[in-house]
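Subject: Handover of a structure, with notes on its aromatic residues

Dear colleague,

Please find the structure below for your records. My notes on what was found in it follow directly after.

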Amino acid sequence: LRWLYWVDMATPYMRCCTCSLRPPFPLNEFKHVPMIVVNGAISMFLNTSIRPYFYVCTDSGFFTQQSRLFHAGLALSQRVVLREDYVLHDIPVPSGEFYALKKAAKSTWRGRLQELSATRSLN
């Protein structure tokens with residue numbers, strides 16, 4: 001199990017989110033670009049040979065509300081990023097690499113300034 005805090009790739013990537021596009025997005029023209037697909041946007045890839053670089057599911061109820069799309073994301077993508085609480089549910093193992101998405105601790109400006117001040121005083 002690996003924890004994913006951010007995606008840092010040397011190549012450009014495209015983030016695909018669900019939206020109504022008229023005309024439809026020309027996905028095949030960009031199939032050479034690594035694509036990060038979020039939640040229901042995996043539907044754009046169902047009838048293509050394009051495998052998303054990452055499928056990210058951040059919606060807590062998506063796997064029950066949109067089960068078919070959720071399972072498609074697990075099956076089609078090279079890498080899958082799911083909320084860490086998804087491991088508590090009976091879901092299939094993704095076909096690609098798996099990363100658990102851990103929620104970052106909430107930070108305040110005051111707390112961050114105190115951290116920076118403490119770090120500087122140590123140097």
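Tyr53 is partly exposed, at a relative accessible area of 22%; on this scale buried means under 20%, exposed over 50% and partly exposed in between, with a 1.4 Å probe and protein chains only. Please note that this is a predicted model, in which local features need pLDDT of at least 70 and side-chain atom pairs count only at pLDDT 80 or more, while totals for chains, interfaces and linings use all residues. Residues are numbered from 1 along each chain as its sequence is written, and side-chain values use heavy atoms, with hydrogens and water left out.

Across the whole structure, three aromatic pairs were found. Rings of Phe, Tyr and Trp (its six-membered ring) pair if their centres lie within 6.5 Å; planes under 30 degrees apart count as stacked, over 60 as edge-to-face and the rest as tilted. The ring centres of Tyr53 and Phe54 are 5.3 Å apart and the planes stand at 70°, so this pair is edge-to-face. Phe54 counts as buried because its relative accessibility is 6%. Phe54 also pairs with Tyr99: the centres are 5.8 Å apart and the planes at 50°, so that pair is tilted. It links distant parts of the chain, since Phe54 belongs to strand E4 (residues 54-57) and Tyr99 to strand E6 (residues 97-101), 45 residues apart. Helices (H or I, at least four residues) and strands (E, at least two) are DSSP runs, numbered from the N terminus. Tyr99 is buried too, at 13% relative accessibility. Tyr53, Phe54 and Tyr99 form one aromatic cluster.

Which residue places its charged end over the ring of Tyr53? Arg79 does, 4.0 Å from the ring centre; the criterion is NZ of Lys or CZ of Arg within 6 Å of the ring centre and within 35 degrees of the ring normal. Arg79 also lies over the face of Phe54, 6.0 Å from the ring centre. Arg79 lies in strand E5 and counts as buried, at 15% relative accessibility. Leaving aside residues up to four places away in sequence, Arg79 touches Pro52, Tyr53, Phe54, Tyr55, Glu97 and Tyr99, where contact means heavy atoms within 4.5 Å.

The largest nonpolar core has 17 residues, of which Phe45, Tyr55, Cys57, Phe62, Phe70, Leu82 and Tyr86 touch the most other members. Such a core is a set of buried Ala, Val, Leu, Ile, Met, Phe, Trp, Tyr and Cys residues joined through side-chain atoms within 4.5 Å. Strand E3 (35-38), E4, H1, H2 and E5 are the elements that give two or more residues to this core, and H2 gives the most, with three. A second, separate core of five residues includes Ile36, Phe54, Val56 and Tyr99. In helix H2 (residues 67-76), Leu69, Phe70, Ala72, Gly73 and Leu74 are buried; E4, helix H1 (62-65) and strand E5 (79-83) are among what covers them.

On confidence, the mean pLDDT (the predictor's confidence in each residue, from 0 to 100) is 77, and 76% of the residues reach 70 or more. Among the elements, strand E1 (residues 2-4) has the lowest mean pLDDT (34) and H2 the highest (93). Over residues 1-11 the pLDDT is below 50. Where pLDDT is low, the predicted coordinates should not be read in detail.

Kind regards
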